[in-house]
Amino acid sequence: MPYTRRSFLQTLAMAGAAIPLRSMGFPAAEWEIHGFSKPFQFKWMDFSMLCETFAAAGLNGVDYTVRPEGHVTPDKVAQDLPKAVAAAHKAGISAKLMTTAILYADDPATAPVLQAAAAEGIQYYRMGWYEYEKGKPLQESLRNRGKQLKALAELNRKYNVKAAYQNHSGLRIGAAVWDLHEMIKEVDPAWAGVQYDIRHATVEGANSWPLGLQLISPHINTIVIKDVRWTKQNGKYVLENVPLGEGMVDFKAYFKKIKELNIKAPISLHLEYPLISTAEESLSASQKQKIVQDKLKKDVDTLRGLLAAM
């Protein structure tokens, strides 16, 4: 059966007692860890069950997807976002982060999402990703996108929320991180910053990521944590998302660098690997909830252990 609120608190207490925390740099207990809701968009899991699962796994909050095909869609944000946030608060966790597809201040869908977020106390939102403009020099694209980001920052000021642009592997702006710095360097960091993703930074710069991290560090306002490894499938190497500690991300070196640069920001924990197998689909909702909760708690415990060792 799904947990009661009392059992949630008992689970959290036991989890906290089992993890040794040290007062070096930023104590592990001071880091806010929020769960990214995308991997949990199951038809059998509503807002309440999602937040109960997150609370029982030891998370501090939820990072809701508020975008097309997300937990909350932009066309229903005024009705559904308050319900989503209320479910988080009822479970004893926060809802300070959200993930959106927002790119432009003048998009008719942007202001209503930001207004709804501000009303619910959401402080940070991840943006969508800018493409390089076809037929234009890269530097010109970066200047143009920088202007668009500045306009978005001004709108953020109005609603008292902060944008976060994620560095994502691939060919869009931000994959190399240095281009992201070029785009964002003149934007007010109080209203638009970077959601730094070490997984994607490792994919794009296995050895050089510390340089990009140092360059972009003054703009970082949120952090993404997840792990990945290269694997061979049908004769080709592809990326496979895996639980924390089972991939190629050097978290020990990463958190050492985070400490050196004095970076402290809310963390969004992503579980991008499969949570429910095909064989498990026929199980009851409560049984599936337990399966995904155990996987989530394992990553939460691993992350808190890494933070404690900083």
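Reply: A salt bridge is counted here when a side-chain nitrogen of Lys or Arg lies within 4 Å of a carboxyl oxygen of Asp or Glu. The model is predicted, and a search of the whole structure finds 15 salt bridges in it. In general, side chains of opposite charge can pair when their charged atoms come close.

Consider the contact between E32 and K96, whose closest N and O atoms are 2.9 Å apart. E32 belongs to the loop between α1 (5-18) and β1, while K96 belongs to strand β3 (residues 94-99), so this pair ties together parts that are 64 residues apart in sequence. To judge how open such residues are, a cut-off is needed: buried means under 20% relative accessible area, exposed means over 50%, and partly exposed lies in between. E32 has a relative accessible area of 27% and is therefore partly exposed. K96, at 23%, also counts as partly exposed.

Another salt bridge joins the side chains of E186 and K150, with 3.6 Å from N to O. This pair, too, links distant parts of the chain: E186 is in the loop between α6 (178-184) and β6 (192-197), K150 is in helix α5, and 36 residues separate them. With a relative accessible area of 58%, E186 is exposed, whereas K150 is partly exposed at 37%.

The bridge between D301 and K297 has its closest N and O atoms 2.7 Å apart. D301 is partly exposed, with a relative accessible area of 26%, and K297 is partly exposed at 22%. Salt bridges that share partners also join E154, R157 and D188 into one network.

Charged side chains meet aromatic rings as well. The charged end of K162 sits over the ring of Y124, at 5.5 Å from the ring centre. K264 lies over the face of W31, and its distance from the ring centre is 5.2 Å.

The structure holds 10 aromatic pairs. In one of them, F40 and F54 have ring centres 5.0 Å apart and planes at 80°, so the pair is edge-to-face. F40 is in the loop between β1 (33-36) and α2 (47-56), and F54 is in helix α2, so the pair ties together parts that are 14 residues apart in sequence. F40 and F54 are both buried.

Y130 and Y165 form a stacked pair, because their planes are at 20° and their ring centres are 5.8 Å apart. Y130 lies in the loop between β4 (124-126) and α5 (138-159), and Y165 lies in strand β5 (residues 162-166); the pair thus links distant parts of the chain, 35 residues apart. Y130 has 0% relative accessibility and therefore counts as buried. Y165 is likewise buried, at 0%. Elsewhere, ring pairs link Y196, W209, F251, Y254 and F255 into a cluster.

W230, Y237, L239 and M248 make a nonpolar surface patch of about 410 Å². W230 is in strand β8 (residues 227-233) and is partly exposed, with a relative accessible area of 46%. Strand β8 runs antiparallel to strand β9 (residues 236-242), and 7 bridges join the two. Within this pairing, R229 has E240 in β9 as its bridge partner.

The strands β8 and β9 form a hairpin with 2 residues between them. N234, in the loop between β8 and β9, has a positive phi of about 55° although it is not a glycine. Most residues other than glycine have a negative phi. N234 counts as exposed, because its relative accessibility is 83%.

A positive phi is also found at N160, where the value is near 60°. N160 is in the loop between α5 and β5, and it is exposed, with a relative accessible area of 51%.

Conventions. Residues numbered from 1 in each chain as written. Predicted model: local features only at pLDDT ≥ 70, side-chain atom pairs only at ≥ 80, totals over all residues. Heavy atoms only, no water. Patch = residues over 30% accessible without salt bridge, like charges linked within 9 Å, V, L, I, M, F, W, Y side chains within 5 Å. Areas by Shrake-Rupley, 256 points an atom, 1.4 Å probe, with all protein chains shown as cover. Helix = DSSP H or I, 4+ residues; strand = E, 2+ residues; numbered from the N terminus. Buried < 20%, exposed > 50% of the residue type's maximum accessible area, 1.4 Å probe, protein only. Phe/Tyr/Trp six-rings, centres within 6.5 Å; stacked < 30°, edge-to-face > 60°. Lys NZ or Arg CZ within 6 Å of the ring centre and 35° of its normal. Pairing = 2+ DSSP bridges.
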